[in-house]
Amino acid sequence: LLKNFVVNICECRQDWTPASFIGTTLEEIKNTTGNDKVILGLSGGVDSSVAAVLIHKAIGKNLTCIFVNNGLLRKNEFEEVLETYKKLDLNVIGVDASAQFYQALEGISEPEAKRKAIGRVFIEVFDQEAQKIEGARWLAQGTIYPDVIESISVNGPSATIKSHHNVGGLPEKMNLRIIEPLRLLFKDEVRRVGNELQIPPVILNRHPFPGPGLGIRILGDITPQKVKLLQDADYIFINALKESGLYGEIWQAGAILLPIHSVGVMGDERTYEQVIALRAVHSTDGMTADFVHLPYEFLASVSNKIINQVRGINRVVYDISSKPPATIEWE
């Protein structure tokens, strides 16, 4: 019924392929930017990586990529991502702005307020870097369609679910226009485009990671100490998934630091420490998701490693909620 309406009545063509999208988008990017220089925010994730390679293919050295360390990345991610992008022949500048983000987030606990603070500093850092690049006229981002849907009302009075730090335009003071070549694609389509562009699997098969990073996986206020706790626990969880062969079967996984303490026993001593929640989901486009039925033996092993190796954590729980009604991220 739907096919008859879309194809026969509306006369929509069924000719979308990754190759056709690439061809059309390359022309659009060239015509839009001309000889202007473009800066792009790399996150290390699939979306921004595909956007970077696509734009680089269109305008070459006129693209400068900037990878900002917001202090909320996964353990060792800043160094590892920079090394990976060097192999793609991209012009990448690494900027460590951790202190600026921590200062902006000090004392903020409300999820939307954290997202907006992270987005504000993100734009401020880019504005500073853009002024160093002569001729820069455009800021490119890896925004995809689910980001848009969850951030603003689209074609009707839909409620905003949460804001995304790369959605919503730029402040007037910033002398850059925005370009988002993936804005109408879902995650599975982005990966198909990336595969067509021959982006290495180590990047293309990475799990989605939120723009605000671990800032929305630490419930409550953020401190460098809490970030370190979560980084260490998350590192154990993700590495265990990879070592067990489970990583490639999962859409997204990560650890969440809960704003509670629980009583525990370590040796002969009573402890009162923090709790980590583990999250792993199956999905196609991020719009809906089901929790992964990870083996009990695997969960027990990961729990033991986290509690024994991460000082300050004495309890691990597993999130068995699906989307909807829950979202993939806790904040």
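At what angle do the axes of helix H3 (residues 46–59) and helix H8 (residues 187–196) cross? The two axes cross at roughly 40° and come within 10 Å; axes are lines fitted to C-alpha atoms, for helices over the stretch in contact, and angles run from 0 to 180 degrees between N-to-C directions. H3 is therefore oblique to H8, given that angles under 35 degrees count as roughly parallel, over 145 as roughly antiparallel, 65 to 115 as roughly perpendicular and the rest as oblique. The model is a predicted one, in which local features need pLDDT of at least 70 and side-chain atom pairs count only at pLDDT 80 or more, while totals for chains, interfaces and linings use all residues. Residues are numbered from 1 along each chain as its sequence is written, and side-chain values use heavy atoms, with hydrogens and water left out. Helices (H or I, at least four residues) and strands (E, at least two) are DSSP runs, numbered from the N terminus.

The crossing of H3 and H8 is left-handed, that is, the near helix is turned anticlockwise from the far one by less than a right angle. Val46, Asp47 and Val50 of H3 meet Lys187, Val190, Arg191, Val193 and Gly194 of H8, contact being defined as heavy atoms within 4.5 Å. This contact of H3 with H8 comprises 4 nonpolar, 1 polar and 3 charged residues. In this classification Ala, Val, Leu, Ile, Met, Phe, Trp, Tyr, Cys and Pro are nonpolar, Asp, Glu, Lys and Arg are charged, and the others, Gly among them, are polar.

H8 also packs against helix H2 (residues 18–33), at an angle of about 80° and with the axes 9 Å apart. H2 and H8 are therefore roughly perpendicular to each other. Pro18, Ala19, Phe21 and Ile22 of H2 form the contact with Arg192, Val193 and Glu196 of H8. The contact of H2 with H8 has 5 nonpolar and 2 charged residues, and no polar ones.

An open sheet of 5 strands has the order E3-E2-E1-E4-E5, with parallel pairing; two strands pair if DSSP finds at least two bridges between them. Strand E3 (92–96) and strand E5 (177–179) are the edge strands, each pairing on one side only. From one strand to the next the twist averages 30°. Strand E2 (residues 63–69) is joined to E3 by 5 bridges in the parallel sense, and Phe67 stands opposite Gly94 in E3. H3 packs on this sheet and touches strand E1 (37–42), E2 and strand E4 (136–140), its direction making about 160° with that of E1.

Strand E7 (residues 269–282) runs antiparallel to strand E6 (residues 252–266), to which 12 bridges join it. Ser262 stands opposite Glu273 in E7. The hairpin of E6 and E7 has 2 residues between the strands, and Gly267 there takes a positive phi near 70°. E7 is also joined in parallel to strand E9 (residues 313–318) by 5 bridges, with Val316 of E9 as the bridge partner of Ile276. A further 2 bridges join E7 to strand E8 (residues 290–291) in the antiparallel sense, where Val281 stands opposite Phe291.

The domain assignment, which is automatic or from a database, gives domain 1 (1–205) and domain 2 (217–318). Their C-alpha centres lie 28 Å apart. The contact takes 19 residues from domain 1 and 20 residues from domain 2.
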